[in-house]
Amino acid sequence: MSEPITLNVGGKLYTTSLSTLTSFPDSMLGAMFSGKIPTKKDRQGNCFIDRDGKIFRYILNFLRTSHLDLPEDFQEMGLLRREVDFYQIQPLIEALQEKEVELSKAEKNAMLNISLDQKTQTVHFTVREAPQIYSLSSSNMEVFSAHIFSTSCLFLKLLGSKLYYCFNGNLSSISSYLQDPNHLTLDWVASVEGLPEEEYTRQNLKRLWVVPDNKQINSFQVFVEEVLKIAMSDGFCIDSSHPHTSDFMNNKIIRLIRYK
């Protein structure tokens with residue numbers, strides 16, 4: 001075994017051996033640690049590489065084992081691909097390509113399940129009728145919830161690129177509300193006539209929009225129609241066994257499936 005070497009990759013420290021780093025001589029690391037390319041040092045004298053420190057873990061493990069091992073819920077394939085391209089370890093490039101083909105095949109067969117809930121809630125608010133003159137008002141508001149599960153992580157990302165919350169005068173993608181790669185819970189309200197815009201923010205009420213159509217979702221029928229359009233464009237179809245096609249728009253649990 002050669003003497004240990006400590007690397008500083010983007011601020012994250014790794015300790016390995018020279019033989020590991022030069023196990024693929026034609027790679028960027030092979031060139032750096034064989035003296036063909038000069039290396040930089042940090043203040044502690046560690047070799048410094050200005051790349052993503054977190055992702056380097058998978059690259060270093062490949063140098064040690066010749067296997068690309070990723071967590072089941074790994075969500076940074078794009079970043080890993082860029083890092084692999086930088087280090088130019090040819091067997092790792094090939095292993096990543098095989099992994100992407102494998103994931104693509106697994107994504108083709110998929111199930112989408114949506115549970116819907118709706119209730120009516122009374123909201124109270126003040127209306128400014130004139131300077132320093134306010135009146136108390138109330139109105140009924142439709143409140144919606146949708147619990148979405150899909151075996152396809154990529155579909156939920158696609159959904160996140162189409163549906164946006166409107167809150168505090170801004171639109172924000174629902175992608176940031178993903179609980180995990182396969183689950184998404186949406187809670188929103190329909191617009192209420194006469195409710196001042198600032199009251200939505202004050203009462204923490206989010207509305208739901210379809211982008212880029214710039215269309216507000218004020219009912220479950222519109223929500224289901226929009227999700228159906230997105231899902232069917234991604235290859236999903238209605239599961240004829242649940243619910244029955246004739247009762248699809250009235251059902252509170254909706255299931256769609258996609259085959260290879």
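Here are legends for a few close-up views of this predicted model.

Local features need pLDDT of at least 70 and side-chain atom pairs pLDDT 80 or more, while totals for chains, interfaces and linings use all residues. Residues count from 1 along each chain as its sequence is written, and side-chain values use heavy atoms, with hydrogens and water left out.

**View 1. Two domains share one chain.** Domain 1 covers residues 4–108 and domain 2 covers 110–258; these bounds come from an automatic or database domain assignment. Their centres, taken over C-alpha atoms, sit 41 Å apart.

**View 2. Here is where domain 1 and domain 2 touch.** Four residues of domain 1 are in contact with seven of domain 2, contact being heavy atoms within 4.5 Å. Together the domains bury about 470 Å², with 37% of that on carbon and sulfur atoms. (Buried area is the accessible area, with a 1.4 Å probe, that two parts lose on being put together, summed over both.) On domain 1's side, the touching residues are three charged, one polar and no nonpolar. Charged here means Asp, Glu, Lys and Arg; nonpolar means Ala, Val, Leu, Ile, Met, Phe, Trp, Tyr, Cys and Pro; the others, Gly among them, are polar.

**View 3. E197 and R207 pair up through their side chains.** Side chains of opposite charge can pair when their charged atoms come close. This pair forms a salt bridge at 2.4 Å, N to O; the term needs a side-chain nitrogen of Lys or Arg within 4 Å of a carboxyl oxygen of Asp or Glu. E197 belongs to helix 7 (residues 197–202) and R207 to strand 11 (residues 207–210), 10 residues apart. Helices (H or I, at least four residues) and strands (E, at least two) are DSSP runs, numbered from the N terminus. The whole structure has eight salt bridges.

View 4. Most residues other than glycine have a negative phi, and most peptide bonds are trans. Q88, not a glycine, has a positive phi of about 50°, and you'll find Q88 in the loop between helix 4 (77–87) and helix 5 (90–108). The V211 to P212 peptide bond is cis, with omega near 10°. P212 lies in the loop between strand 11 and strand 12 (215–216).
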